[in-house]
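I set out here what I looked up in the model, beginning with a term and then moving from the whole chain to single residues.

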Amino acid sequence: MPRRSLRTRSRKRVKVRTPGSRVVVHYRDEKPGPARCAVCGGKLFGIPREKPYKLHYTERTVSRMYGGSVCHRCLREGLKMLAAREWGIKTPPLIGRIA
Ligand SMILES: [Zn+2]
């Protein structure tokens, strides 16, 4: 029985043949959950499920303002509210939102 921290299906199991010709199971690093939006908590698309240090910067983000931290819907709403405030239109409270 592997140790407690290895008993999860988030880790990939790989069979490796050792120099002594035994086949043993090695455990790959645990994969993190999907990247989440900072405002609504929804999944972010276009960002792979990998630890950030394993990816280049362009793979960790989406080339959009707030890309990689806020989803497209929340960004759109935030920008709309920002414009509305600029034009003096009354908007709902900005709690938990950008802009
Ligand atoms: Zn969102």
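The model I examined is predicted.

Entry one, the whole chain. I found 2 helices and 2 strands in the protein chain. Read from the N terminus, the elements run β-β-α-α. The radius of gyration is 21 Å, well over the 13 Å that the globule rule gives for 99 residues, so the protein chain is more spread out than a compact globule. I noted that the C-alpha trace spans about 75 × 25 × 15 Å along its principal axes.

Entry two, burial and contacts. I looked up the buried fraction and found that 4% of the 99 residues count as buried. Among contacts with a separation of 6 or more, 25% come from residues 24 or more positions apart.

I located Ser21 in the loop between strand E1 (13-17) and strand E2 (23-27). Its phi is positive, about 70°, although Ser21 is not a glycine. Is Ser21 buried or exposed? Ser21 counts as exposed because it has 6 C-beta neighbours inside 10 Å.

I placed Tyr66 in the loop between helix H1 (57-60) and helix H2 (72-86). Tyr66, a residue other than glycine, also has a positive phi, near 60°.

Note on methods:
Residues are numbered from 1 along each chain as its sequence is written. This is a predicted model: local features need pLDDT of at least 70, side-chain atom pairs count only at pLDDT 80 or more; totals for chains, interfaces and linings use all residues. Helices (H or I, at least four residues) and strands (E, at least two) are DSSP runs, numbered from the N terminus. A residue is buried if 20 or more other C-beta atoms lie within 10 Å of its own, exposed if 12 or fewer, and partly exposed in between; C-beta atoms are placed from the backbone. The radius of gyration is taken over C-alpha atoms; the globule rule is 2.2 Å times the number of residues to the power 0.38. Two residues are in contact if their C-beta atoms, placed from the backbone, lie within 7 Å.
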